[in-house]
Amino acid sequence: MTNTRARSALLALLLITAACGRDDGETAPETDDETTTTAADGGDDGGEDATALDAGGFGDLEAVCQDGDASGATAQGVTDTEISVATISDKGFDGLNKEIYDTALAFTEWCNEQGGILGREIVLTDADAALSNYEPVVQDACERDFALVGGGAVIDDDVNNVRVGCELPSIPGYVVSETARVADLQVQPVPNPLDRIGAGRYQAAKALFPDGIGKFGIMTSDFASVLFVRDQLVNTAEDLGFTVDYTLNYAPAGETGWDNFARDIKDQGIKILEFIGQPANMAALDQAFENAGYRPDLVLLSSNFYDETYKAASAGVAGRTFIQSLYHPLELADDSKGTQDYLDLMAQYNPGGKVAQLGQQTLSAFLLFAQAATECGSDLTSACLLDAAASQEEWTGGGMHAPQSPGNTEPSPCFLVLGLGADGFEYDEEATRPTDGDGLYNCDPENVSDVSD
């Protein structure tokens, strides 16, 4: 029950990271907690299968990693030859968010093979918080590493101010708690503030029902941090003209009464349903709707439902869904060099690793770190790293996601909608209504909602 509760908490909490789909793949080789990795054998040999990765670039970024002559012990964890960084995850808790470390490992091995950061190899520490050990692994990093890069943990509410207290910079893959979202000494590749949220799926629903619609319902995992998000979304829906007629908090550890919920939603005539939680629970509700012979006209979901387990369970059963995402769909990787390079990176440097959108968030953070550290060169310090990272404009992680501004706390207005059809996930151009020419995203400023008190 505890494991299920934690998984539910993670997947629901990751709603507020704005881009956190989970896509199950093969498992990576087991690694011990806090083991270090430097350059490893592997990767492409430059033959017929060579990709742009072999030139040290990624997507539309050139010379991400390269040889050079950067030198000097400019900060803790930095020497003439190495830069020590730590990546936090919860993978020690039943493999939770293991794609984070899998991607960090692939990036590190690739980057070091290209020459590292101007000749300095990245030494990667596996800082496994295992759900309940966030502060201890941060304290260890405080005594060893230059920075935290690409990580994320479910329970990241650093109540003792350990990271900032030891002046350890962070470029995270995602942050969850209110404390972490506003903490100092960090630059988020995809900003996630407290008082402004991307509400593109609500705008898409509003366009689908231009005359407005009542009978809006929201189901939420009964977990304190998730209820905070629920309240933000209720305010957003009401501000956009929807009438919230139905709210229900279900047990985080899962329910056995999904058929009862489906009948209740049918009896109340709910037309639009927002569901916050984990894909397995939504799949159970989809089946309950099938049993009840009723579905809402539309189900709104965050990007953590862009998930292979949800696809396997609900393709052909789910009704119309709007899954909001910031990332170019993996199904359309042929149209995105950055997305294809992510798949190639994993295939070449960690073929047993898990491929998932959360891994792409980690990769975006590592790419931002590499760009910033390269700019700093022989003057690599915490202040220089964070200033250089924050100065990046129109950041897309090499083309993997919609443009972001890491240096501020304004979420991106850009989004796209994915649906779940009988054959799997599909880009929904009609619902997205792209505004970026031949691109996929809708970037109307109205997609960002103010949820401040």
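**Cysteine links and helix packing**

Guide: Cys443 has a relative accessibility of 24% and therefore counts as partly exposed, given that buried means under 20% relative accessible area, exposed means over 50%, and partly exposed lies in between (1.4 Å probe, protein chains only). The model is predicted, with local features requiring pLDDT of at least 70 and side-chain atom pairs pLDDT 80 or more, while totals for chains, interfaces and linings use all residues. Residues are numbered from 1 along each chain as its sequence is written, and side-chain values use heavy atoms, leaving out hydrogens and water.

The partner of Cys443 is Cys414, and the two sulfur atoms of this disulfide are 2.0 Å apart; a disulfide here is a pair of cysteine sulfur atoms within 2.5 Å. The torsion about the S-S bond of Cys414 and Cys443 is 115°, a right-handed link. This pair connects distant parts of the chain, 29 residues apart: Cys414 is in the loop between helix H13 (382-390) and strand E12 (416-421), and Cys443 is in the loop between helix H14 (429-432) and strand E14 (448-450). Helices (H or I, at least four residues) and strands (E, at least two) are DSSP runs numbered from the N terminus. Cys414 has a relative accessible area of 7% and is buried.

By the sulfur distance rule there are four disulfides. Counting bonded cysteines along the chain, the pattern reads 1-2, 3-4, 5-6, 7-8.

Another of these links joins Cys142 to Cys166, with an S to S distance of 2.0 Å. Its torsion of -70° makes the link of Cys142 and Cys166 left-handed. Since Cys142 lies in helix H3 (residues 134-142) and Cys166 in the loop between helix H4 (162-165) and strand E5 (170-171), the pair ties together parts 24 residues apart in sequence. Cys142 is buried at 9% relative accessible area, whereas Cys166 is partly exposed at 30%.

Cys376 and Cys384 are also joined, at 2.1 Å from S to S. The torsion about their S-S bond is about -110°, so the disulfide of Cys376 and Cys384 is left-handed. Cys376 is buried, with 5% relative accessible area, and Cys384 is partly exposed at 25%.

Now the helix packing. The axes of helix H2 (residues 99-113) and helix H12 (residues 357-376) come within 8 Å and cross at roughly 40°. Axes are lines fitted to C-alpha atoms, for helices over the stretch in contact, with angles from 0 to 180 degrees between N-to-C directions. H2 and H12 are therefore oblique; angles under 35 degrees count as roughly parallel, over 145 as roughly antiparallel, 65 to 115 as roughly perpendicular, and the rest as oblique.

With contact meaning heavy atoms within 4.5 Å, Glu99, Ile100, Thr103, Ala104, Phe107 and Thr108 of H2 meet Leu358, Gly359, Thr362, Leu363, Phe366, Leu367 and Ala370 of H12. By class, that contact of H2 with H12 has eight nonpolar, four polar and one charged residues, where Ala, Val, Leu, Ile, Met, Phe, Trp, Tyr, Cys and Pro count as nonpolar, Asp, Glu, Lys and Arg as charged, and the others, Gly among them, as polar.

Helix H11 (residues 337-349) also packs on H12, their axes coming within 11 Å and crossing at roughly 100°. H11 is therefore roughly perpendicular to H12. Thr339, Tyr342 and Leu345 of H11 meet Gly359, Gln360 and Leu363 of H12. The residues of this contact of H11 with H12 are three nonpolar, three polar and no charged.
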